[in-house]
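This report describes selected local features of one protein model. The sequence and the structure are shown first, and the description follows.

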Amino acid sequence: MTASPFPARLAALRRALRLAPGQAFILPRAAAHHGETLTPQDERLAWLTGFDGSAGTALITARAAALAVDGRYTQQARQQAPAFEGIGATLSDQKVWLSKARVTSVLIDPWLHTKTWFEGATMHLPAVRLLARNPIDALWQDRPLTPTNPVRHHPLKYTGQNAQDKLSGIQTAIHKAGFDVFVFTSLESIAWLFNIRGNDTRYTPLVLATAAVPIRGKPRLYLHPASVTHSLRGFAKVCAVDDLGDDLKRWRGQGKTIAFDPEVTSLAQVRQAGRAARSMADPCLIPRAQKNRTELAGARAAGVLDGVAVTRLLAWLARLKTPPTEMAVSDKLESLRALCPDYRGPSFPSISATGPHSALPHYRARRAHDHHLKPRHLYLLDCGGQYPQGTTDATRTIAVGKAAITRSHRRWFTAVLKGHISLARAVVPAHANALALDTLARQHLWQAGGDYQHGTGHGVGSFLSVHESPPRINTRPGAPVKPGMIFSNEPGYYRPGAFGIRIENLYAVKPATRAGWVAFETLTFIPIDTRLVDRAALSIQEIRWIDAYHKKVRTVIRPRLTGPTRVQDRTWLEAATRPLDRLP
């Protein structure tokens, strides 16, 4: 068996840093653009620790090491990074650990920490010292190169608004806020604002770039010259990546005010602007989140395209005589999605998990522990696709085989489903915040003595990130959802070592018939496994919702089930979506 490389990497990092007693190095999973999707060359945390979750922070002293993760990744971090002590993800948790380790100063790479983080750190953590260079970049000898893929124009038939009109609106917003220039570091905002897409990051069609938008004149795009297309030069000045520092210095000398979003801008970037730097929320956030009619139509179309692939997968699973492995199921899903000419790839790594694995909310199947689906187990599939029309995300939990379903399975599946329906059916005041919506989804689990350690919902982009903010629906008060926003509804329940349950659809926020209120439109069309439902625990309204939902699934999916297996697929779909009052 090959020895783990991670202890040696940790030792090499300590030598490179020359950590003195009382010093610690803090390494988050982050890149200079501070988005969720990282390029392979930015996966420093995974290189050092072996942990490959989407969020985490390593804290390293001369003698101790910790890995801070949230509740989604507690078990995964323990398995993947045994050399690191597991702690909570908040700054308070990190402060406690650093205090126990008698740390008096911390070292950071200022490109990997935002201005907002730094301001919080100065209140919670010991003295912070900035490193001129991240030592991992020198230690990581086979580090991947920076991607230089071509930029693609995203057509008006998908965006519904041209880039010039978007830029005009954003320039007006910057001017009203009293600033001269806004510097965009969010790759999602840059892609949306300039109607461009690329292949620089996996799972999300983004271009590695920074943008500066002045209140008058052409905006500037800073990206690799090999990525530039002719159409881009028509409305933006294309600059080399390193030119931004010089431009910031020049604008500062001219007395211009330069605005950044402190939540997603590196401390190093803000420091380059010096006294000219100002804070302003990304002016693209709300217009990007509130989809226009074209984008909403695209989201509906993408939901149907992905619904066809996942429905065919579930029908295929039901016909198999030999249980497949977790990876075989996700591979089959990719082959079915690839039958659609518009499919551009998954929007995140599929979570294909059976039995105890399904109790890990962000489990990822690997060859070393690729389990077969077994009778009496629950199987959880969380998957999403990228289409030019839109981005999808859905989760289904199904009973494997024809073996008996346990009372516990039915009890918790029904509680999760009731929570999902409560949010899906809700009509709420337009000012209702995220915490109120979160409570709707958790109430039935709470009544049964259960809960889940992740958010109830996240925003979803338009052929962009599957995790978009706003909205965020979780246990913290947040901004209200607005018409046009798309969010996931995904309550769950997880029993460690036994099973996990999650039911997820995407919904678009729409005005309700009552003025000043909003309701939610379903964008996901995949059958729900009613074999796991305890009908006696459902209200009449809940039964009607399930039956109406399945009728809609049949209507939009059945005609699109074509190809050699269309008869079997349609037969399975009819059986899977029978009204609840007709089930045995």
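Which side chain does a polar contact join to that of Glu-542? In this predicted model, the partner is Lys-418, and the polar contact between the two side chains spans 2.8 Å.

Glu-542 belongs to helix α17, which covers residues 540–557. Its relative accessible area is 6%, and a residue counts as buried when this value is under 20%; Glu-542 is therefore buried.

When neighbours within four places in sequence are set aside, the contacts of Glu-542 are Lys-418, Ile-421, His-444 and Ala-537.

## Asn-195, a buried loop residue

Asn-195 is placed in the loop that runs between α9 (187–194) and β9 (196–197). With a relative accessibility of 3%, below the 20% limit for burial, Asn-195 counts as buried.

Ala-30 stands 165 residues from Asn-195 in sequence, and the two C-alpha atoms are 25 Å apart in space.

## The hairpin of β25 and β26

Strand β25 (residues 492–495) pairs with β26 in the antiparallel sense, and four bridges connect them. Within this pairing, Tyr-493 has Ile-501 of β26 as its bridge partner. Three residues separate the two strands of the hairpin, where Gly-497 adopts a positive phi near 80°.

Strand β26 comprises residues 499–502 and is covered on both faces. Phe-499 and Ile-501 are buried on one side, while Gly-500 and Arg-502 are buried on the other.

## Aromatic pairs and charges over rings

Ten aromatic pairs are found in a search of the whole structure. One of them is formed by Tyr-493 and Phe-499, with 6.2 Å from centre to centre and 45° between the planes, a tilted arrangement. Both of these residues are buried. Ring pairs also bring in Trp-412, so that Trp-412, Tyr-493 and Phe-499 form a linked cluster.

Two arginines are placed over aromatic rings. Arg-442 lies over the face of Tyr-452, at 3.8 Å from the ring centre. In the other case, the charged end of Arg-514 sits over the ring of Trp-517, at 4.4 Å from its centre.

## Helix α14 and its packing

Helix α14 has twelve residues, numbered 326–337. From its first C-alpha to its last it reaches 17 Å, close to the expected 16 Å.

Which residues of α14 are buried? They are Glu-326, Met-327, Val-329, Ser-330, Leu-333, Leu-336 and Arg-337. These buried residues pack against the helix α13 (293–319). They also pack against the strands β15 (345–346), β16 (351–354), β17 (378–383) and β18 (385–387).

## Backbone geometry

Strand β23 (residues 468–473) contains Pro-470, and Pro-471 is also placed in β23. The peptide bond leading from Ser-469 to Pro-470 is cis, with omega near -10°. The bond from Pro-470 to Pro-471 is likewise cis, with omega near 0°.

Where do Arg-18 and Arg-102 lie? Arg-18 is in the loop between α1 (6–17) and β1 (23–28), and Arg-102 is in the loop between α4 (91–100) and β5 (105–108). Each is a residue other than glycine with a positive phi, near 55° for Arg-18 and near 60° for Arg-102. A relative accessibility over 50% defines an exposed residue. Arg-18, at 72%, therefore counts as exposed, and so does Arg-102, at 71%.

How values were computed: Residues are numbered from 1 along each chain as its sequence is written. This is a predicted model: local features need pLDDT of at least 70, side-chain atom pairs count only at pLDDT 80 or more; totals for chains, interfaces and linings use all residues. Side-chain values use heavy atoms; hydrogens and water are left out. The expected span of a helix is 1.5 Å times one less than its number of residues. Buried means under 20% relative accessible area, exposed over 50%, partly exposed in between (1.4 Å probe, protein chains only). Contact means heavy atoms within 4.5 Å. A polar contact is a pair of N or O atoms within 3.5 Å; within protein, one must be able to donate a hydrogen and the other to accept it, and residues adjacent in sequence count only if both atoms are side-chain atoms. Rings of Phe, Tyr and Trp (its six-membered ring) pair if their centres lie within 6.5 Å; planes under 30 degrees apart count as stacked, over 60 as edge-to-face and the rest as tilted. A charge sits over a ring if NZ of Lys or CZ of Arg is within 6 Å of the ring centre and within 35 degrees of the ring normal. Two strands pair if DSSP finds at least two bridges between them.
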